[in-house]
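Subject: Structure for your attention

Dear colleague,

Please find the structure below, handed over for your study. My notes on what was found in it follow directly after.

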Amino acid sequence: MTQQLKRFIDNNLLKYSEFWIVILIFFISFLVRLFRLGYHDFWYDEADIDISARWINAYWNAPLHKMLMLPWVRIFGTSEFSLRFPSLLFSFFTVVLLFFLGRRFFNKKIGLIASFIMGLCPFHIWYAQEARDYSMVLFFGTLSSYLLIKAVKEEKFKLWVFFVLISIIGTYTSYFYFLLFLGQALYIIFHRRFGLRFKEIICFMAVIAAFLPWLPRFLKKFCYLQQGFWIPKPTWQSLIITLENFILGYNGSMALYLISVIISGILFISAIWALRQTQELRQSFMFCVILLFFPIILAFIFSKTLFSVYLDRGLIIFSPYYYLILSLGILSLNRTLRVILFAMLTSILLIGDYRYFNDLMIKPLVHRMGTYIKKPIKPIVRFLEDNVETKGDILAFTHEATT
């Protein structure tokens with residue numbers, strides 16, 4: 001049986017020895033997401049899960065995550081561990097999916113390195129341990145890109161159907177998905193040299209049509225945000241900070257962020273240098289560049305001209321393509337530089353993980369807009385339960401998040 005398994009792996013996936021490296025990466029990625037999953041108390045948006053899930057009809061954000069959590073809390077309860085576990089699963093399976101995405105775009109080694117980076121990335125561990133929709137939309141966004149590329153290359157009708165279905169799920173999971181969807185459409189336009197095929201037009205139109213029933217609530221949200229929102233308008237520095245956070249999340253230091261920029265810059269140049277090899281490599285690189293930079297720049301321009309929606313946690317859906325580009329850059333270096341830069345990148349990821357699990361967060365708010373260490377709320381709740389009388393006592397809150 002072992003020899004049969006070895007032959008199957010060698011023929012269908014990768015070398016037998018590499019197979020166990022992949023399994024090890026997946027195993028570590030799962031463990032770091034599971035470690036202290038329920039340690040921190042809920043913060044405001046997490047505590048809102050159970051309440052908003054019961055009032056979907058009055059909800060104006062994309063509803064699918066809330067709809068998923070409604071039966072989940074009925075079965076598994078509302079503990080921190082329970083409510084965060086779906087995010088862990090979506091994040092972990094995105095790491096697995098990224099390996100196959102990189103293998104499809106480039107080769108198995110690039111897929112391996114990219115999944116390794118995402119697996120250890122503090123940014124992804126943060127949202128794998130938060131009961132929000134970010135890991136969920138990340139998974140469906142990555143899956144839709146994988147299906148799109150397979151559909152374009154293999155020209156199978158069922159792949160286009162799956163792409164449409166997953167894209168519809170994505171649009172109902174987070175409104176940021178539309179930026180990815182536009183990037184995918186832009187790539188197809190360039191790939192076909194502005195000669196889109198009829199079935200491709202129908203597929204993209206079907207996704208848009210499927211969202212129309214939810215459009216009134218989307219417009220309600222749009223009008224609400226147009227009147228003013230707490231997110232400040234981004235600056236040009238915000239674009240660099242986004243890429244820094246894609247590597248170190250909110251738990252880096254100024255020195256670590258600087259090192260990440262230097263490493264990323266070298267690897268990006270190395271990736272561009274590698275494009276001279278084949279046309280297919282250039283097409284795969286272009287796909288990653290479009291799905292990384294076009295949606296982020298679109299969100300930036302929208303936030304500068306209308307109202308700000310520029311939050312790095314919403315942009316997490318575009319991070320896999322960054323890791324693929326960096327992985328291409330690593331493999332394009334000579335052996336010595338490859339080992340040095342990969343070791344440096346691994347080191348800062350591990351330091352970032354250490355800082356994350358020890359609640360070490362950089363002080364300037366610019367790197368962690370809208371986020372903070374989840375503080376212990378339960379002792380306050382227990383004190384109030386034990387000491388506040390039902391008659392005569394008045395309980396006042398200074399902010400709704402405290403409630």
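In this predicted model, the side chains of E130 and K374 meet in a salt bridge, with 2.9 Å from N to O. E130 belongs to the loop between α7 (122-128) and α8 (134-154), and K374 to the loop between α17 (335-357) and α18, so the pair ties together parts that are 244 residues apart in sequence. Are these two residues buried or exposed? Both E130 and K374 are buried.

As background, side chains of opposite charge can pair when their charged atoms come close. The structure holds 11 salt bridges. Another of them joins the side chains of K378 and E80, at 3.1 Å from N to O. This pair also links distant parts of the chain: K378 is in helix α18 (residues 378-387) and E80 is in helix α5 (residues 80-105), 298 residues apart. The surroundings of the two partners may be read from their relative accessible areas. K378 has 37% and is partly exposed, whereas E80 has 7% and is buried. The cut-off behind the second label is that a residue counts as buried when its relative accessible area is under 20%.

A further salt bridge is formed by the side chains of E200 and R192, at 2.7 Å from N to O. Both E200 and R192 are buried. Which residues are linked with them in a network of salt bridges? The network consists of E155, R192, R197, K199 and E200.

I turn next to the overall form. The protein has 18 helices and zero strands. Its radius of gyration is 22 Å, close to the 22 Å that the globule rule gives for 403 residues, so the protein is as compact as a globular protein of that length. Along the principal axes, the C-alpha atoms fill a box of roughly 75 × 50 × 45 Å. Of the 403 residues, 51% count as buried.

Helix α6 covers residues 108-120; at 1.5 Å a residue, its 13 residues should span 18 Å, and its end C-alpha atoms are 18 Å apart, which agrees. Why can α6 be described as largely enclosed by the rest of the structure? The reason is that 11 of its 13 residues are buried. Among them are I110, L112, I113, F116 and M118. At the start of α6, a side-chain oxygen of N107 reaches to within 3.0 Å of the backbone nitrogen of K109.

Helix α16 covers residues 319-332. At 1.5 Å a residue, its 14 residues should span 20 Å, and the end C-alpha atoms are 20 Å apart, in agreement with that value. Because 12 of the 14 residues of α16 are buried, this helix is also largely enclosed by the rest of the structure. The buried residues of α16 include Y321, Y322 and Y323, as well as P320 and G329.

Finally, there is a feature of the surface. L24, F27, I28 and L31 make a nonpolar surface patch of about 360 Å². One of these residues, F27, lies in helix α2 (residues 16-34). F27 has a relative accessible area of 49% and is therefore partly exposed, since the label "exposed" requires over 50%.

Yours sincerely,

A colleague

Key: Residues numbered from 1 in each chain as written. Predicted model: local features only at pLDDT ≥ 70, side-chain atom pairs only at ≥ 80, totals over all residues. Heavy atoms only, no water. Patch = residues over 30% accessible without salt bridge, like charges linked within 9 Å, V, L, I, M, F, W, Y side chains within 5 Å. Areas by Shrake-Rupley, 256 points an atom, 1.4 Å probe, with all protein chains shown as cover. Salt bridge = Lys/Arg side-chain N within 4 Å of Asp/Glu carboxyl O. Helix = DSSP H or I, 4+ residues; strand = E, 2+ residues; numbered from the N terminus. Buried < 20%, exposed > 50% of the residue type's maximum accessible area, 1.4 Å probe, protein only. Expected span 1.5 Å × (residues − 1). Polar contact = N/O pair within 3.5 Å; in protein donor to acceptor, adjacent residues only side chain to side chain. Rg over C-alpha atoms; globule rule 2.2 N^0.38 Å.
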